[in-house]
Amino acid sequence: MNTPLKKEYSNLGFDPDALRDKYRDERDKRMRDDGDEQFLRTREEYGHFAEEDPFVEEPEEREPVQREVDVAVIGGGFSGIMAAARLKERGVEQVMLIESGADFGGTWYWNRYPGSQCDIESYCYLPLLEELDYMPKEKYSYAPEIFEHCQRIGEYYGLYELSLFQTRVTELRWNEDDSRWTVATHRGDDIRARFVVQAAGTANVPKLPGIEGIHDYKGHCFHTSRWDYDYTGGDHSGGLTRLSDKRVGMIGTGCTAIQAVPFVGEHAKELYVFQRTPSSVDLRGNSPTDEDWYRSLQPGWQRERRENFADIVVGRPFEEDLVADGWTDIFRRLQSVLPPEEAVEGDPEEMALAAEIEDFRKMNEIRSRVDGAVADPETAEALKPWYRQFCKRPTFNDEYLETFNRPNVHLIDVSERKGVDRVTEKGIVANGIEYEVDCIIYATGFEMTSAPHRRVSFDVIGRDEKSLFEHWGQGLRTMHGMASHGFPNWFFIGVNQNGLSVNMTAMFDDQARHVAYIIDEVMRRGSQLAEVTPDAEAEWVAEIQRLSFANREFYEACTPGYYNNEGQLDDPGKGIINHAYSPGINAFNALLGEWREQGDLDGFELR
Ligand code: NDP
């Protein structure tokens, strides 16, 4: 049922009811029954999409390693390097970091596709800017700068000498006899660790559309996170000249495609972009860092900026919007119509309506941008997103939409059939038509919030031979998102039952500090192990469930995507909102801070 419109919103210049209906129709058109099962995992016969590393000439040869350490950190992306760094700061030296890439970086090691850039402001996103005295080049950093920053952190904290690269973990197994974890790898290593920090990332397992025929395709193909520059020519900054005689099909139009399409469109003989749901494409508006401004920032500025940003994007009232960009825009508008005191104490229905109206305004602007940029009206219409701004990850780009004015670039709308039909030996079938292509680029994302066993490429076997995926079979079960009963001395950093932030590196660093604190405390107290009690775990799960209803209505009305588990909100353990600490990262950090302050590792049993 439509919400009755309050009097003061009667002269909007648009009809909210009509927009609500349109949003619902567009959502319903895309709803499928198969949720995350619609995707193919990049394993076994599809393993080569993820396991081969196009960025190294030859995998390094080495003998299997046998070693005993205090802490094994799985993953060398931001979450892993921050965990190792925070442990080292506390004097925990016997750390080993295990990483599948040939260097640090994680997401930024793998995602080198042309144009890749972070949408979160660099001054918030790049960790340790003050400690390392580094000034980002621009407001929004490109991938090479971020990758370099990971290397900079690795050097600064002496992490290279602690790390095993080009090594994939295949299993973690708890040994009751000596209270150690065994870390098995695809290189036959035997690593024993007192503690494990699983920091394997959120965008680490690429996925493919679960359609027939991917295996039959005889042309060239790759996933965007394994960009094949040998085939396309060029590099991150473009120049994909080897595509000049190639017909290319790209499947997917999320954040990755928005950034890569302009470069492929510039060089390919023909480019077919297969779009199921259009992204919301806002202005990028990048600019070089003003050095005088940067040097004038006072100590502690980065945390202050991160917290200010995090507060604003969860809808908290604010005095100043330090970042002031496309992420915070909608909240600035909302606050201008809804004074802060009302935002805290006002009528919730009134507030929800005000938020919806500002969202309609924002999305009307996003849709008008399409009309302004794209010449062909039919193509422009198909590129318009019909959902609320944060139903899907918003994107920001100043060249994507215009690329569809090129005569060699074709948008193929596959929304009516809920995706492309299938792949054949020669190309892609969509809406019953076969498009013959020389190359297929899958911009189809990652197993970010799908079932836990899909997100991680190895199993974790805890006490009594119990698999973590079995423990989490009916939904995630953790305390603070970072530890589970039955898995002693095992800690998780990532997107779990914790306070989320779209500024993921800030979130990872806060978790890293917390985990480093616990490990250090357990070691200093001379305990062998720390294990979350069943009661503490159950209490946290109940708290998360209680809070998660706050955003439910919003995500129910959204077009399917990984935020709302492809529209299946009741599936346990999947999606982003039904297991997050909804008050947000700042409130979560305050809670963890008090917990540490209490000093008794409440909820852990030490033995
Ligand atoms: P996404 O999951 O956002 O996008 C996947 C795309 O594939 C969607 O457009 C999806 O359509 C489409 N798709 C899936 N199955 C089919 C099918 N059967 N037929 C046709 N299309 C299909 O992946 P991305 O790699 O773009 O982004 C993943 C995440 O990584 C982002 O959300 C963001 O968190 C992060 N990222 C951040 C960047 C940044 O900061 N700039 C850049 C890149 C990534 P549909 O929408 O209909 O499901």
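Cys-391 and Cys-558 are joined by a disulfide, with an S to S distance of 2.0 Å. The model is predicted. One disulfide is present in the structure. Cys-150 is in no disulfide, and Cys-439 is in no disulfide either.

**The bond**
- A disulfide is a covalent bond between the sulfur atoms of two cysteines.
- The S-S torsion of Cys-391 and Cys-558 is about -75 degrees, so this disulfide is left-handed.

**Where the bonded pair sits**
- The pair links distant parts of the chain, with Cys-391 and Cys-558 lying 167 residues apart.
- Cys-391 is in the loop between α15 (377-382) and β13 (395-396).
- Cys-558 is in the loop between α21 (552-556) and α22 (585-598).

- Cys-391 has a relative accessible area of 3%, under the 20% cut-off, so Cys-391 counts as buried.
- Cys-558 has a relative accessible area of 1%, and Cys-558 is buried.

- For Cys-150, the nearest cysteine sulfur belongs to Cys-118 and is 11 Å away.
- A disulfide needs two cysteine sulfur atoms within 2.5 Å, and the Cys-118 sulfur is 11 Å from that of Cys-150, so Cys-150 is in no disulfide.
- Cys-150 is buried, at 0% relative accessible area.
- For Cys-439, the nearest cysteine sulfur is that of Cys-221, 7.4 Å away.
- The 2.5 Å cut-off also applies here, so Cys-439 is in no disulfide.
- Cys-439 is buried, with a relative accessible area of 0%.

Definitions and conventions. Residues numbered from 1 in each chain as written. Predicted model: local features only at pLDDT ≥ 70, side-chain atom pairs only at ≥ 80, totals over all residues. Heavy atoms only, no water. Helix = DSSP H or I, 4+ residues; strand = E, 2+ residues; numbered from the N terminus. Buried < 20%, exposed > 50% of the residue type's maximum accessible area, 1.4 Å probe, protein only.
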